[in-house]
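Student: Could you show me how to read a few features of a protein model?

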Amino acid sequence: MSSTAGGHVPVMPDEVIAYLAPRSAGLYLDGTLGGAGHARLLLEASSPDGRLVGLDRDPAAITRAQDVLAPFADRIDLRHCNFAQMEQVARELGIDGFDGILLDLGVSSYQLDEAERGFSFRADAPLDMRMDDSTGLTAAEVLAGEDEKELARIFREFGEERYARRIARRIVAQREQEPLVSTGQLAELVRDAVPGGHVPARIHPATRVFQALRIYVNDELRFVEQGLEQAVSLLRPGGRLVVISFHSLEDRRVKHFFRELATGCTCPPRIPMCVCGKQPSVRLLTRRGVRAGESEIAFNSRSRSAILRAVEKLPPQEL
């Protein structure tokens with residue numbers, strides 16, 4: 001299992017390299033640098049001439065990646081931006097296509113470990129949750145500004161929280177007494193609001209609420225959809241796209257998007273010949289989502305919820 005400086009361990013490293021199949025002189029994009037673990041492996045596997053463009057919306061990730069990838073400085077171009085801006089970056093760099101693209105969705109280990117970012121309730125910290133802390137509303141501002149109905153929608157839609165309305169009602173009542181500004185406050189409020197919240201369980205009762213707020217604050221699902229569309233359009237024929245998701249909302253979108261692109265004619269069976277003209281633009285490399293093995297999960301618990309899916313862009317003659 002390979003790790004970067006500082007102890008960061010990339011999720012499913014062997015599977016990522018196997019599906020992307022990097023080669024020397026290839027051009028690759030890592031849209032979610034994080035700890036730069038996958039990026040380093042891609043550069044090693046594509047040596048001596050493979051190049052990599054790395055993106056991350058978290059400026060701290062770019063700074064870390066510059067250090068981790070210093071041995072490959074002449075083969076990388078790192079940009080502080082969202083992966084949904086990859087088309088713009090490609091235009092700026094004069095790139096017409098990539099041989100492989102990786103999107104490792106969700107929160108990086110560094111973001112979870114930095115208590116002041118507010119992504120986790122393992123330590124009491126400000127309710128921020130922004131991946132790019134230079135822009136946008138914080139989670140505390142969302143909790144203070146949205147009404148009960150909207151808060152319930154956020155928890156239900158982005159966290160699949162069954163007690164969304166009850167939690168939203170408790171938040172509105174609480175903020176009339178004092179503002180919710182810390183992760184500890186919110187975690188304890190949720191624990192008090194849901195039935196059995198104080199009964200020991202494998203998953204903390206506030207987990208889904210924190211997920212929902214993070215997704216909402218960072219507009220993650222919209223960016224996932226935009227990023228997938230841009231990634232497929234930027235792949236060269238034979239190029240591969242690998243996406244790692246960490247919860248069902250993301251994975252569902254990735255799965256349906258890939259299946260739609262891999263599906264040909266959609267004409268009703270009663271029509272003797274195709275009139276829709278739809279042809280597949282990708283080949284599924286993973287019929288089902290690939291999960292980490294038990295040995296990796298034992299070594300890196302973050303990989304437990306990871307699901308990897310991959311496609312290959314079909315060449316023009318197969319369209």
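We go from the overall fold to two single residues.

Tutor: This is a predicted model, where local features need pLDDT of at least 70, side-chain atom pairs count only at pLDDT 80 or more, and totals for chains, interfaces and linings use all residues. Residues are numbered from 1 along each chain as its sequence is written, and side-chain values use heavy atoms, with hydrogens and water left out.

Student: What radius of gyration does the protein have, and what would a compact globule have?

Tutor: The radius is taken over C-alpha atoms, and the globule rule is 2.2 Å times the number of residues to the power 0.38. For 319 residues that rule gives a value near 20 Å, and the protein agrees with 21 Å. Its C-alpha trace spans about 65 × 60 × 40 Å along the principal axes.

Student: Is Thr-32 buried or exposed?

Tutor: Buried means under 20% relative accessible area, exposed over 50%, and partly exposed in between (1.4 Å probe, protein chains only). Thr-32 counts as buried because its relative accessibility is 15%. Of the 319 residues, 54% count as buried.

Student: Which residues does Thr-32 touch?

Tutor: Contact means heavy atoms within 4.5 Å. Leaving aside residues up to four places away in sequence, Thr-32 touches Leu-55, Asp-56, Phe-83, Leu-102, Leu-103 and Asp-104. A polar atom of the Thr-32 side chain lies 2.7 Å from the backbone nitrogen of Asp-104.

Student: And how exposed is Met-273?

Tutor: Met-273 has a relative accessible area of 59%, so it counts as exposed.

Conventions: A polar contact is a pair of N or O atoms within 3.5 Å; within protein, one must be able to donate a hydrogen and the other to accept it, and residues adjacent in sequence count only if both atoms are side-chain atoms.
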